[in-house]
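Please read the points below beside the sequence and the structure.

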Amino acid sequence: MLNKEEVKDLICDRFWKYREITPKKTFTTLFIGTKAGSGMLALCFRRNGRITFPTNVAFEPDEYRYWDFDEDTQEIVFLNNQNQISRRAKLPVRWFGGGFKMQLISDKNEVFSHEPHVDKYAIKKSIIGGTHMFFCPRSVYEFELFQDLAFLNFDIKLINAKNSIIDFFNEVYRYLIVHPQLEEVVISQVGQPIVELSEEEKILFANKDNQPSYKYFSGERALVLELLTVVLSENNKRLLNRDDYRNEEEMLQDIILNKFANRYEIAEVFAPKYKNHKHH
């Protein structure tokens, strides 16, 4: 049984797209308005109980103006402008592709879906509100991670790269490039909801045998972006140089220790296990 605060962490400030599932199991998306550029129907639930529309809709449908949570039935309640109940939906459940679906209670098969892997820049630019982002591989993601990071005011971005650490860093780099509003980021390959940030303008790495571990590091966007730029550039040179026998891990350690000397610190991020969110 969830309470309303827990539901807020689950649904608020995220992009939920309306879809109707046809008998042939295909999806239809509703576009509101007759004018060119009228946007798809999508919602953002706000913590104050309001609903906003992140796409360029021609009008705001009256049945989706406010939301509430019925703890007895464990249902999300939609309210119209007169604060009357207009629709109900079930709590979100996991869906394909790592997303979530919120099933509307109706005669049709209607859902609002949240798909973290959708990377259309226009959508992200219009809905992202946070300035803190936690990156981790989809393979280590668990629902509790999502909840704990929301409590720490960190959004989560799941990365699909599976082949190598460089592929993972490349996807993070591409995301950071198109999101200049981000301020502080955590890059973790460990599925634990831990946020540690340097109190200085440095990159903070987890400690592994008194050496910086690239499995977990954090810092201000500009500094992290600089590190990733160097890593990707150096990796391209390594692959083209037949005399460079370093593997990815050795190359990463060389970059951290030599090219970022005096610009990083190490910390016992995973001991104790509990998270500690430091601000500058």
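1. Contact here means that heavy atoms lie within 4.5 Å. The model is a predicted one. On that definition, and leaving aside residues up to four places away in sequence, Arg221 touches Leu176, Ile177, His179, Pro180, Leu182 and Glu183.

2. Arg221 belongs to helix α5, which covers residues 221–240. Is Arg221 buried or exposed? Its relative accessible area is 15%, and buried means under 20%, so Arg221 counts as buried.

3. A polar atom of the Arg221 side chain lies 2.8 Å from the backbone oxygen of Leu176. Between Arg221 and Gln181 the C-alpha to C-alpha distance is 9.0 Å, with 40 residues separating the two in sequence.

4. The sheet is open and has 6 strands in the order β12-β11-β13-β15-β14-β16, with mixed pairing. The edges are β12 (155–159) and β16 (264–267); each has a single partner strand, so one side of each has no neighbour in the sheet. From one strand to the next, the twist averages 25°.

5. Strand β11 (residues 132–137) runs parallel to β12, and 5 bridges join the two. Phe134 has Ile156 in β12 as its bridge partner.

6. Helix α4 (residues 165–177) packs on the sheet and touches β11, β12, β13 (184–188) and β15 (211–220). The direction of α4 makes about 155° with that of β11. Helix α6 (residues 248–259) also packs on the sheet, where it touches β14 (203–208), β15 and β16. The direction of α6 makes about 55° with that of β15.

Methods: Residues numbered from 1 in each chain as written. Predicted model: local features only at pLDDT ≥ 70, side-chain atom pairs only at ≥ 80, totals over all residues. Heavy atoms only, no water. Pairing = 2+ DSSP bridges. Helix = DSSP H or I, 4+ residues; strand = E, 2+ residues; numbered from the N terminus. Axes fitted to C-alpha atoms, helices over the stretch in contact; angles between N-to-C directions. Buried < 20%, exposed > 50% of the residue type's maximum accessible area, 1.4 Å probe, protein only. Polar contact = N/O pair within 3.5 Å; in protein donor to acceptor, adjacent residues only side chain to side chain.
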